[in-house]
Amino acid sequence: MKYQIDFGFPLELPAYLNLPSWHQAKHVLDLGSGDGYYATKLATYFPDKCYTCVDIDQRAIDAGRKQFGGLQNNNIEYSRADVLNYHGNFPIAIARLLVQHLDTPQDLLRAAPNFLQPDGVLIVIDSDDRSRLFWPTEKCHRIERFFCSFSEFQPGREYSAKMVDIAPSYGFESKVHHLLLIPSSLPSYKNLFYRSYQLFFQIVREHYRMEFDYKSLFDELDEWLADRSAYAHIGVKICIFAYGSSR
């Protein structure tokens, strides 16, 4: 989760900076927050806000309280709860890499009025697997085959795009629907790509137990890292929904 946040946060930051309602908000809800690492990154840039981190996993909540509970002038709070049954009154709610774990995209839109103010804003940040690229492609055959196999093993959901289409039916207006490409050419990012995908391949092998030639896969990833001209990027979608705009 830390790798996922370190990947995206620098490029996601402008979405917050260019959102007037974000600057006005004093309380922010982070849904499916994990240990709250993302909230600590936000609090570094926006220390004037209070952040409430909500996650169903008590271990994540405990880890966040232990690691970050005393940081940022104690403006980060933690609560163990099912995000779809959480109640509050927040001007801003963030769902980062959450919707892909829900049964349907409608679930979050139905639940949002329980924790958003009548004119609140829901920020959905979701991965876009179709935008992933490792280059040169002729030297990344095993990596490409791995992701093809994994997509069959565990199909992606692409829920954020569906939410844009159905949002008006639930009282939301889609204000922003933007695809970010996060490149390995940024300073230090190539090593971040390498460490992240090395860990991801290990998780799929050991946790999901998907059959694959992992030795060849790791060898190809090593070769990609050693090639100075090699490149990769991943895609992240940012969708911003305004509640009450379409009711």
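I shall go from the overall fold to one helix, then to one lysine, and end with some backbone details.

This is a predicted model, in which local features need pLDDT of at least 70, side-chain atom pairs count only at pLDDT 80 or more, and totals for chains, interfaces and linings use all residues. Residues are numbered from 1 along each chain as its sequence is written, and side-chain values use heavy atoms, with hydrogens and water left out.

The protein contains nine helices and seven strands; these are DSSP runs, numbered from the N terminus, with helices being H or I of at least four residues and strands E of at least two. A compact globule of 247 residues would have a radius of gyration near 18 Å, and the 19 Å of the protein agrees with this. That radius is taken over C-alpha atoms, and the globule rule is 2.2 Å times the number of residues to the power 0.38. Of the 247 residues, 48% count as buried. Here buried means under 20% relative accessible area, exposed over 50%, and partly exposed in between, with a 1.4 Å probe and protein chains only.

Let us turn to helix 4, residues 58–68. Its buried residues are A60, I61, G64 and F68. They lie on the same side of helix 4, because they cover an arc of only 100 degrees around the axis; the arc is that of the directions from the helix axis to the C-beta atoms. R59 and K66, on the other side of helix 4, are exposed. The cover over the buried residues includes helix 3 (37–45), strand 2 (50–55) and strand 3 (76–80).

Next, where is K237 found? K237 is in strand 7, residues 231–243, and counts as buried at 9% relative accessibility. Beyond its neighbours within four places in sequence, K237 has contacts (heavy atoms within 4.5 Å) that include D126, D128, E158 and H177.

Finally, the backbone. Most residues other than glycine have a negative phi, and most peptide bonds are trans. L97 is not a glycine, yet has a positive phi of about 55 degrees. L97 sits in the loop between strand 4 (90–96) and helix 5 (106–111) and is buried, at 17% relative accessible area. S188, also not a glycine, has a positive phi of about 75 degrees, but S188 is exposed, at 57%. Lastly, W135 and P136 are joined by a cis peptide bond, with omega about 5 degrees.
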